[in-house]
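Please look over the sequence and the structure shown here before reading the notes that accompany them. The briefing is meant to be read with the structure open, so that each residue can be located in turn.

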Amino acid sequence: VAAILPAFLYYAALFVQVDLEAAKRRITGTPLAQIPPLGRVLCSGWHFPIPFAVLVLGLLVWNMEAEYAALLATAMLILFAMVFGYKGSRLSARGAISAVTSAGGAVIDIIIITAVAGLLIGVLNLTGLAFGLTLQLLSVSGGSLIVLLVVTAVVAIILGLGLPTVGVYVILAALAAPALIKAGISPMQAHMFVMYFGMMSMVTPPVALAAFAAANIAQSDHWKTGWTATRVGWCSYIIPFLFALSPTLLMQGSAFDIIASTATALVGVLLGTAAVVGHLRDALPPGRRALYLVIGVILLVPTDMFAGAGWLNLVAFAVGGGLTAYEFSRRP
């Protein structure tokens with residue numbers, strides 16, 4: 001539940017950036033006549049959302065262990081694929097066995113890395129080094145929460161260059177999260193922060209495994225694709241700092257603060273993304289582009305982060321609204 005709003009803002013930025021990039025490059029959509037009816041598409045794969053619903057229900061309603069909820073959802077997915085199939089094609093028993101075998105092989109690396117991380121964490125705890133590292137992080141930050149967050153984010157991305165997300169999180173949850181908690185933020189904020197930046201290594205060069213995998217599919221330049229992924233996910237490098245300083249973006253706080261912070265953050269993502277792409281109705285000149293970026297970042301700030309943040313958001317919203325109205329009212 002706590003991860004819903006950060007994920008929503010990320011995908012909002014992704015959607016807007018792709019749309020603006022297409023408009024910037026004069027890429028038009030598929031003609032409506034060639035788009036199949038929505039009802040027919042949904043009916044052909046009506047059973048696919050059910051395993052995901054079972055996974056969520058197992059975790060949040062039936063209080064199942066994560067691995068058992070995942071196994072139940074996977075079993076339902078295999079069953080539906082064998083019984084109902086998709087577009088006239090059903091999964092065979094041999095195909096199901098092959099898929100399970102391939103999945104088992106794919107997680108071997110993660111299992112080994114997690115096991116080694118567990119040994120490392122055990123040694124650190126038994127020898128007291130974990131406590132010493134926590135104190136060192138606090139000492140390096142000089143008592144500044146912002147500096148501590150920046151150091152932790154850099155460490156998470158560096159560790160992520162050679163480890164999968166699970167391994168990064170397991171290590172940082174034992175080493176960095178306690179320092180963040182001692183600095184005054186809640187355990188939910190601390191663990192979400194280290195997990196988020198552990199994931200960002202997947203789209204951050206020089207490794208950017210997820211971006212490089214996409215480059216192989218698209219047969220594009222790996223290095224350019226990695227930096228494009230970084231640009232597309234620009235807000236993901238800012239949002240963790242915001243929910244570390246204010247828990248409203250993690251669904252913690254009053255309903256008004258959560259709604260207000262989400263609404264202003266969404267507008268901030270839209271304006272900031274327009275600045276990153278450099279296009280709104282048409283190309284944005286450098287001055288307005290920089291102004292849109294500043295306004296977008298200000299609007300991302302939760303309304304309860306500090307005294308006066310709400311008023312600052314209102315001013316930024318008014319200026320951004322005026323700029324956007326001017327952008328759409330003038331002649332192209």
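The model described here is predicted, and the protein in it has 17 helices and 0 strands. Along its principal axes the C-alpha trace spans about 65 × 60 × 45 Å, and buried residues make up 36% of the 332 residues. Among the contacts in the protein with a separation of 6 or more, residues 24 or more positions apart account for 67%.

**Nonpolar cores**

- The largest nonpolar core has 48 residues, and those with the most contacts inside it are Leu180, Phe193, Phe197 and Phe243.
- At least two residues of this core come from each of a set of helices that includes helix 1, helix 8, helix 9 (165-175), helix 10 (177-182) and helix 15 (255-277), while helix 11 gives the most, with 7 residues.
- Leucine 180, leaving aside its neighbours within four places in sequence, is in contact with Leu148, Leu149, Thr152, Ile185, Ala190, Phe193 and Val194.

**Packing of helix 8 against helix 11**

- The axes of helix 8 (residues 145-160) and helix 11 (residues 187-200) come within 8 Å and cross at roughly 40°, and the two helices are therefore oblique to each other.
- The crossing of helix 8 and helix 11 is right-handed, and the contact is made by Leu149, Thr152, Ala153, Ala156 and Ile157 of helix 8 together with Phe193, Val194, Phe197 and Gly198 of helix 11.
- Sorted by class, the contact between helix 8 and helix 11 has 7 nonpolar, 2 polar and no charged residues.

**Packing of helix 9 against helix 11**

- Helix 9 and helix 11 pack at an angle of about 145°, with their axes 9 Å apart, and helix 9 passes helix 11 in a right-handed crossing.
- On the helix 9 side the residues are Thr165, Val168, Tyr169, Leu172 and Ala173, and these meet His191, Val194, Met195, Gly198 and Met199 in helix 11.
- The class count for the contact of helix 9 with helix 11 is 7 nonpolar, 3 polar and no charged residues.

**Two buried residues in helices**

- Valine 16 is found in helix 1 (residues 4-24), and this residue counts as buried because its relative accessibility is 14%, where the cut-off for buried is under 20%.
- Once its neighbours within four places in sequence are left aside, valine 16 is in contact with Leu270 and Thr273.
- Valine 16 and asparagine 63 are 47 residues apart along the chain, and their C-alpha atoms are separated by 36 Å.
- Asparagine 313 is found in helix 17 (residues 309-329), and with a relative accessibility of 2% asparagine 313 also counts as buried.
- Not counting residues up to four places away in sequence, asparagine 313 touches Thr264, Ile298, Leu299, Val301, Pro302 and Thr303.

**Backbone features in the loops**

- Proline 205 and proline 206 are joined by a cis peptide bond, for which omega is about 20°, and proline 206 has its place in the loop between helix 11 and helix 12.
- Glutamine 219 lies in the loop between helix 12 and helix 13 (222-232), and its phi is near 55°, a positive value in a residue other than glycine.
- Glutamine 219 counts as exposed because its relative accessibility is 76%.
- Methionine 251, placed in the loop between helix 14 and helix 15, has a positive phi of about 65° although it is not a glycine.
- With a relative accessible area of 34%, methionine 251 is partly exposed.

Notes:
Residues are numbered from 1 along each chain as its sequence is written. This is a predicted model: local features need pLDDT of at least 70, side-chain atom pairs count only at pLDDT 80 or more; totals for chains, interfaces and linings use all residues. Side-chain values use heavy atoms; hydrogens and water are left out. Helices (H or I, at least four residues) and strands (E, at least two) are DSSP runs, numbered from the N terminus. Buried means under 20% relative accessible area, exposed over 50%, partly exposed in between (1.4 Å probe, protein chains only). Contact means heavy atoms within 4.5 Å. Axes are lines fitted to C-alpha atoms, for helices over the stretch in contact, and angles run from 0 to 180 degrees between N-to-C directions. Angles under 35 degrees count as roughly parallel, over 145 as roughly antiparallel, 65 to 115 as roughly perpendicular and the rest as oblique. A crossing is left-handed if the near helix is turned anticlockwise from the far one by less than a right angle, and right-handed if clockwise. Ala, Val, Leu, Ile, Met, Phe, Trp, Tyr, Cys and Pro count as nonpolar, Asp, Glu, Lys and Arg as charged, and the others, Gly among them, as polar. A nonpolar core is a set of buried Ala, Val, Leu, Ile, Met, Phe, Trp, Tyr and Cys residues joined through side-chain atoms within 4.5 Å.
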